[in-house]
There are 2 protein chains.
Amino acid sequence: MSKTATASLPSDHKDEIEHVALDEDYVLTPGFVEKVVDASDAGDGTKLRSLLEDLHPADVADLMGFLTAEHRAVVVLWLPADLLADTLPELDDGIREDVLERVPHLTLAEALQELDSDDAAAVVEDLEDDQRERVLAAMPDVDRAAIESSLGYAEDSAGRLMQREVMAAPQFWNVGDTIDHVRKQGEDLPELFFDIYVVDPLNRPVGSVPVSGLLRAPRTIALSDIMEPVNEITVDQDQEEVAYIFEKYHLISAPVTDSAGRLVGQITVDDIVNIIQEENREDILRLAGVSDEDRGSSVPEIVRSRVPWLAINLVTAVLGASVIGWFEGTIQQVIALAVLMPIVSAIGGNAGTQALTVTVRALATRELNSSNASRTFWRELVVGVANGFVLAPLIGVAAGLWSQDWRIGGVIGAAMVLNLMVAATVGVLTPLTLSRLKFDPAVSSAVFVTATTDFFGFLIFLGLATIVLI
Amino acid sequence: MSKTATASLPSDHKDEIEHVALDEDYVLTPGFVEKVVDASDAGDGTKLRSLLEDLHPADVADLMGFLTAEHRAVVVLWLPADLLADTLPELDDGIREDVLERVPHLTLAEALQELDSDDAAAVVEDLEDDQRERVLAAMPDVDRAAIESSLGYAEDSAGRLMQREVMAAPQFWNVGDTIDHVRKQGEDLPELFFDIYVVDPLNRPVGSVPVSGLLRAPRTIALSDIMEPVNEITVDQDQEEVAYIFEKYHLISAPVTDSAGRLVGQITVDDIVNIIQEENREDILRLAGVSDEDRGSSVPEIVRSRVPWLAINLVTAVLGASVIGWFEGTIQQVIALAVLMPIVSAIGGNAGTQALTVTVRALATRELNSSNASRTFWRELVVGVANGFVLAPLIGVAAGLWSQDWRIGGVIGAAMVLNLMVAATVGVLTPLTLSRLKFDPAVSSAVFVTATTDFFGFLIFLGLATIVLI
């Protein structure tokens with residue numbers, strides 16, 4: 001959980017600020033962004049500070065996204081230190097890197113101490129090596145150790161994601177013991193917690209009690225009588241897997257254990273929401289051949305993110321075009337074929353992308369696995385044939401009328417049905433195969449699918465035409 | 001929150017079942033699914049029941065997704081009533097409709113009473129009209145009224161999403177009063193809650209206290225001294241907007257108010273996780289031209305979900321092809337142009353899809369609005385030109401070598417740069433325009449973008465070729 005500035009604001013004042021800064025959808029108004037831009041152009045620090053100081057950190061992060069790098073630099077300069085600290089974990093990676101370069105290392109060291117260990121580690125991770133060393137050196141030993149231990153876990157692992165602050169209770173305690181402990185030890189506990197983890201003498205979680213369950217139970221009831229089984233997460237589990245478990249079992253928080261099964265931290269659902277969004281973002285962008293960029297990316301970064309896929313597409317497009325080259329003689333005799341051939345490949349590409357997207361999504365949500373893979377494949381093939389029988393008459397009649405040659409209508413109709421079968425096959429099998437080989441099924445699937453439907457679209461159409469017409 | 005069967009299971013027994021049914025990723029093993037299939041083929045109800053009774057409802061729902069309709073029918077017959085109740089809200093829509101048809105209305109009426117009002121309403125919503133009437137008639141008045149009132153709110157609204165059970169406390173109470181109230185009124189409160197909403201005498205929320213905060217505070221402290229400002233949701237807000245607020249401010253639960261500002265229910269983060277997944281699923285599928293299907297959809301349903309977009313594509317492909325028709329004379333003279341022209345349109349389509357996907361995603365996460373729309377547009381245009389200058393020399397040299405005509409290399413290189421500018425323009429402006437007109441920017445954007453890049457790809461390439469070569 002992030003500790004946020006909001007908590008300490010009197011409600012009325014916050015309402016007033018939100019009224020100015022946010023529209024009814026909780027998005028910053030263009031008018032407010034403009035005010036910030038004007039104040040930073042004028043170098044009016046007092047004005048800037050008064051505009052910013054009562055914003056929620058999430059809104060400050062949003063604001064950064066709407067500003068140019070120059071205006072961002074001025075804003076960072078005038079942002080109150082505690083608000084800056086809370087804002088850092090909310091920023092997009094690209095923007096965070098830019099902001100971090102502008103913050104003096106002592107300010108940063110101080111800001112990081114205010115954050116929970118998971119948030120602090122997420123920020124430190126983005127620092128350049130030398131800045132990281134200076135910032136860590138300026139922090140108290142205990143905070144530095146927490147961050148270094150967090151960074152010791154693999155990126156995207158549960159260990160990196162968890163916060164070390166956790167509310168644990170020995171299994172022999174009763175409800176009263178637990179409540180008294182919370183009242184006394186409040187300072188050392190997480191700022192917010194939703195479950196109390198009941199642990200055995202070796203500090204291994206044996207159950208959990210939701211805080212509302214603790215509140216409801218009489219003080220003399222033993223924790224072991226009201227605890228529920230826990231879904232344990234281990235430090236080395238991948239964050240995508242953790243998100244799946246949270247989503248499937250509707251968890252609010254879960255204990256994280258080390259290799260010996262000992263409780264070492266907890267993961268809360270608000271971090272999971274971010275991960276779900278991040279994974280979805282990756283899937284949707286990868287399907288479109290965009291590798292890694294966000295709103296903070298510069299033009300060269302974006303070009304690097306997109307050109308590789310376009311270059312691969314160039315190669316596959318040339319391969320597809322080479323098929324056309326084989327039939328130059330046919331086209332020379334029946335020039336109408338040159339006009340019609342892109343229609344066959346375009347519809348094939350679209351149908352293949354449909355099948356591909358549905359399959360990638362089903363794999364991502366684990367609705368598709370070896371139990372139903374072959375059933376899914378056959379269903380897609382039947383769908384492909386059915387789509388073909390809907391579309392083939394339309395294009396067949398249109399092409400026949402236009403070319404005044406019904407043989408051409410027949411050829412394009414038949415080619416359409418066959419290419420939609422190719423599309424279904426390659427649309428399902430490509431992501432399934434990638435997934436079985438432990439690759440991300442979204443990466444470069446689309447290029448392979450459309451390359452295949454282009455290739456076979458041209459081949460089937462021009463091949464059939466050569467047989468029938470020439 | 002769903003009340004789940006897990007809570008009442010002794011931990012050891014559950015571990016054992018999970019060991020058999022689930023792999024290390026918490027996905028049902030093909031071996032377990034096979035056992036269920038065999039038992040239902042054999043009509044062995046006792047075996048089926050023993051396989052199923054200790055599963056988590058989410059796993060039963062998963063199992064249903066892996067089974068054919070015939071096997072599902074047998075499983076529904078043998079599923080214990082309380083487990084069936086908990087499973088219903090977890091099912092995909094298509095599968096839920098199928099399952100509901102097989103459950104007698106009295107069993108269903110009883111099952112629904114076990115659920116929280118939001119989950120019960122979500123199930124009743126999926127019933128056929130006559131079955132719905134019979135099921136509601138068989139329920140106690142109070143449960144029926146709760147469901148009917150929930151269904152009175154618009155689909156996808158906060159009112160439909162909220163549960164009516166909520167923990168509220170008057171603002172003059174202190175911590176001790178509140179804890180005593182929870183202990184006494186435990187039965188009428190939500191099964192799980194995370195925040196206590198502090199209300200004024202008109203039942204309007206004025207603040208909230210996280211349950212862990214209540215636990216931490218001394219009994220004599222007034223709620224008004226520890227409460228935090230609330231992010232209120234109103235009954236008529238769209239669920240997508242609600243999800244955005246939860247995600248942005250890291251909320252675990254939020255109070256829902258009616259038009260007079262009175263507290264009428266709450267929304268919890270676990271429901272939000274489902275909505276985020278649902279909205280992401282819609283975005284990714286709509287971009288691929290898939291309108292509405294899930295793993296429970298039949299072949300005719302899938303065809304209906306996909307054919308419309310393919311048919312529209314057929315029309316736009318014909319429009320693109322008609323451009324080629326204008327240049328039949330040019331192609332007749334230089335047949336190499338027929339081979340090369342699909343390359344220009346393919347790369348344009350891919351680059352347009354990249355720009356489109358990034359823009360749709362940025363709109364969905366509200367990273368893009370009128371504050372930065374024009375900056376985004378210019379950035380994409382520069383990216384398009386830059387991509388063009390990377391790719392044009394490659395294809396220009398390749399085409400020049402192959403055709404042994406450097407003019408053809410020059411024409412295809414220039415056409416590539418120009419079409420990538422078209423791609424960037426249409427890729428950004430299409431979703432932005434749809435979004436401004438209050439349409440979903442993902443729907444039918446892709447077809448328009450690729451149609452445009454096809455059209456201009458052919459036009460620019462063949463037009464330039466006609467000028468330069470003929």
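Residues are numbered from 1 along each chain as its sequence is written, and chains are lettered from A and ligands numbered from 1 in the order in which they are written. In this predicted model local features need pLDDT of at least 70, side-chain atom pairs count only at pLDDT 80 or more, and totals for chains, interfaces and linings use all residues, while side-chain values use heavy atoms, with hydrogens and water left out.

**The sheet in chain A**

In chain A, three strands make up an open sheet of mixed pairing, in the order β4-β5-β6. Helices (H or I, at least four residues) and strands (E, at least two) are DSSP runs, numbered from the N terminus; two strands pair if DSSP finds at least two bridges between them. β4 (233-234) and β6 (263-268) of chain A each have a single partner strand and stand at the edges, so one side of each lacks a neighbour in the sheet. Strand β5 (residues 253-257) of chain A runs antiparallel to β6(A), and five bridges join them. A:A254 has A:I267 in β6(A) as its bridge partner.

Helix α16 (residues 239-249) of chain A lies across β4, β5 and β6 of chain A, at about 65° to β6(A). Axes here are lines fitted to C-alpha atoms, for helices over the stretch in contact (heavy atoms within 4.5 Å), and angles run from 0 to 180 degrees between N-to-C directions.

**The interface**

In chain B, 131 residues are in contact with 130 residues of chain A. About 11,600 Å² is buried between the two chains, 64% of it from carbon and sulfur atoms; buried area is the accessible area (1.4 Å probe) that two parts lose on being put together, summed over both.

A salt bridge is a side-chain nitrogen of Lys or Arg within 4 Å of a carboxyl oxygen of Asp or Glu. Helix α20 (residues 336-364) of chain B gives the most to the side of chain B that touches chain A, with 16 residues.

**Salt bridges**

Over all chains the count of salt bridges is 34. The table gives two examples.

| Residue | Partner | Closest N and O atoms |
|---|---|---|
| B:R306 | A:E380 | 2.7 Å |
| A:D141 | A:R144 | 2.6 Å |

A:D141 and A:R144 are about one helical turn apart, because they are three residues apart in helix α11 (residues 141-151) of chain A.
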